[in-house]
Amino acid sequence: MNKSENITWQNTKISKQDRQSYFGHKSAVLWFTGLSGSGKSTIAVEVEKQLFERHLNTYVLDGDNIRFGLNSNLGFSAEDREENIRRIGEVSKLFVDAGTLTLTAFISPYRADRDRVRNILGDGEFIEVFVDTPIEVCEKRDVKHLYEKARRGEIKGFTGIDAPYERPQNPEITIDTSTQSLATSAQQIIDYLVEHKYIN
């Protein structure tokens with residue numbers, strides 16, 4: 001429910017289509033989801049680099065980085081996770097309107113939260129990238145020892161240990177970083193964007 005009163009949507013003279021035409025590519029959200037340590041941020045950063053090298057307008061919204069600022073007042077309860085994704089969904093929508101190929105790297109464990117973001121965007125503007133890396137591999141990569149702490153009960157509500165992760169049912173892209181290299185994973189995403197005419 002919107003608590004704001006006496007507000008009116010302000011239209012501008014530059015449309016999303018104007019911006020896409022100016023930048024020479026479509027705008028959309030590549031929504032990376034998967035367990036902690038699956039490789040979401042690593043792949044997103046690499047894809048951003050490759051898009052930037054093609055002179056495309058692009059930006060990564062990373063889960064940890066967002067929690068330093070915009071979402072610094074949120075914890076990791078189910079309610080806070082929902083609000084975390086709601087906010088970043090709205091921010092992503094603004095980025096898409098600005099003509100930006102936006103990459104988000106969030107665990108986003110609940111299917112309903114991801115679907116809610118998909119529904120606020122236009123057709124074809126939400127590209128779900130499921131980084132489907134086995135939890136055993138994620139734990140081995142965990143330099144911050146978060147899984148170890150969660151298994152000892154020092155961290156509560158940790159996704160994959162004592163909090164659920166709801167796998168995407170029909171993601172546009174699926175990647176398994178336990179069998180794919182970073183280069184192969186990034187190329188798979190670039191190929192998708194070319195094939196579906198987001199970029200040339």
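**Exercise 1.** How many bridges join strand S1 to S3, and do the two run parallel or antiparallel?

*Solution.* A quick note before we start: this is a predicted model, where local features need pLDDT of at least 70, side-chain atom pairs count only at pLDDT 80 or more, and totals for chains, interfaces and linings use all residues. Residues are numbered from 1 along each chain as its sequence is written, and side-chain values use heavy atoms, with hydrogens and water left out.

Step 1: find the strands, which are DSSP runs of E with at least two residues, numbered from the N terminus. S1 covers residues 28–33 and S3 covers residues 101–105.

Step 2: check the pairing, which takes at least two DSSP bridges. S1 and S3 are joined by five bridges and run parallel.

Step 3: pick out a pair. Trp 31 has Thr 104 as its bridge partner in S3.

**Exercise 2.** Describe the surroundings of Thr 58.

Step 1: Thr 58 is buried, at 11% relative accessible area.

Step 2: list contacts (heavy atoms within 4.5 Å). Beyond four places in sequence, Thr 58 touches Glu 48, Leu 51, Phe 52, Thr 100, Leu 101 and Leu 103.

Step 3: the Thr 58 side chain reaches the backbone oxygen of Leu 101 at 2.9 Å.

Terms used:
Buried < 20%, exposed > 50% of the residue type's maximum accessible area, 1.4 Å probe, protein only. Polar contact = N/O pair within 3.5 Å; in protein donor to acceptor, adjacent residues only side chain to side chain. Helix = DSSP H or I, 4+ residues; strand = E, 2+ residues; numbered from the N terminus.
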